[in-house]
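Subject: Structure for you, with notes

Hello,

Here is the structure I said I would pass on. My notes on it follow below.

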Amino acid sequence: MANYCRYEMKIKGTRESCEQWFERMCHDDDPKHFCRLFEPVNIDEQGGSESEYYMILSGDCAWSLETCCRKSGYSSGKDLFAENSRELHITMEAYSSEPGIGFQEHYIYQNGECIADKCVDWIEWYWDKTEYPTFELFKRDVNLPDSVTENDFDDGVYQVGGFQDWGAFAI
């Protein structure tokens with residue numbers, strides 16, 4: 001079973017091209033589909049005019065966006081972000097997080113051209129206070145570094161690495 005990788009993506013183009021991109025994310029039977037994106041693909045936000053439209057999409061994929069949407073994985077050597085953004089005249093920006101292996105990705109494509117391609121190390125710990133009522137129990141069981149304190153957790157989460165602006169789209 002693949003590790004689940006969470007992604008958020010913003011696409012910009014015409015309303016029709018954004019809707020076609022979304023359909024390709026949702027349906028494996030489309031010949032231009034993206035590989036191993038798990039349902040549901042969510043539309044978190046959308047708007048604009050017919051000619052200048054955008055969608056913010058989110059969901060989960062197998063392993064990484066690299067393996068599901070770019071050359072190195074399930075796509076038989078095709079960069080699906082490049083091909084689809086070129087054909088549909090889309091600008092796309094995506095972030096992903098995979099806590100099992102410990103990385104985050106960031107990509108920007110514009111009409112088939114890759115503008116940004118980054119992958120960085122990222123570790124996240126979640127302190128479930130119902131399972132671990134004291135910080136000392138939690139710290140001991142998950143082997144946190146000695147320097148980490150209870151005050152380092154923001155809403156039960158402590159992160160090291162990753163993109164500080166994860167999900168803050170530039171497009």
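Gly 47 is found in strand S2, residues 37–48; helices (H or I, at least four residues) and strands (E, at least two) are DSSP runs, numbered from the N terminus. With a relative accessibility of 15%, Gly 47 counts as buried, where buried means under 20% relative accessible area, exposed over 50% and partly exposed in between (1.4 Å probe, protein chains only). Apart from neighbours within four places in sequence, Gly 47 is in contact with Glu 52, Tyr 53 and Tyr 54, contact being heavy atoms within 4.5 Å. From Gly 47 to Arg 15 the C-alpha to C-alpha distance is 8.6 Å, and the two are 32 residues apart in sequence.

Before the rest, the basis of the values. The model is predicted, so local features need pLDDT of at least 70 and side-chain atom pairs count only at pLDDT 80 or more, while totals for chains, interfaces and linings use all residues. Residues are numbered from 1 along each chain as its sequence is written, and side-chain values use heavy atoms, with hydrogens and water left out.

Backbone exceptions

Most residues other than glycine have a negative phi, and most peptide bonds are trans. Strand S2 also holds Pro 40, and the peptide bond that joins Glu 39 to Pro 40 is cis, with omega about 0°. Arg 36, in the loop between H1 and S2, has a positive phi near 50°. Its relative accessible area is 35%, so Arg 36 is partly exposed. Asp 155 is not a glycine either, yet its phi is positive at about 55°. Asp 155 lies in the loop between helix H4 (135–142) and strand S7 (157–161), and at 73% relative accessibility it counts as exposed.

Helices H1 and H3

How do H1 and H3 lie relative to each other? The axes of H1 (residues 15–26) and H3 (residues 80–88) come within 10 Å and cross at roughly 150°; axes are lines fitted to C-alpha atoms, for helices over the stretch in contact, and angles run from 0 to 180 degrees between N-to-C directions. The two helices are therefore roughly antiparallel, a label for angles over 145 degrees. On the H1 side the contact is made by Ser 17, Gln 20, Trp 21 and Arg 24, and on the H3 side by Phe 81, Asn 84, Ser 85, Glu 87 and Leu 88.

H3 has these buried residues: Leu 80, Phe 81, Ala 82, Asn 84, Ser 85 and Leu 88. Their cover includes strand S1 (4–13), H1, helix H2 (65–69), S4 and strand S5 (103–110). At the start of H3, a side-chain oxygen of Asp 79 comes to within 3.2 Å of the backbone nitrogen of Phe 81. Just after H3, His 89 has a positive phi of about 55°.

Ser 96

Ser 96 lies in strand S4, residues 91–98. Its relative accessibility is 0%, so Ser 96 counts as buried. The side chains of Ser 96 and Glu 105 are joined by a polar contact of 2.5 Å (a pair of N or O atoms within 3.5 Å; within protein, one must be able to donate a hydrogen and the other to accept it, and residues adjacent in sequence count only if both atoms are side-chain atoms). Not counting residues up to four places away in sequence, Ser 96 touches Cys 5, Arg 6, Tyr 7, Leu 65, Phe 103, Gln 104, Glu 105 and Trp 166.

Regards

Key: Angles under 35 degrees count as roughly parallel, over 145 as roughly antiparallel, 65 to 115 as roughly perpendicular and the rest as oblique.
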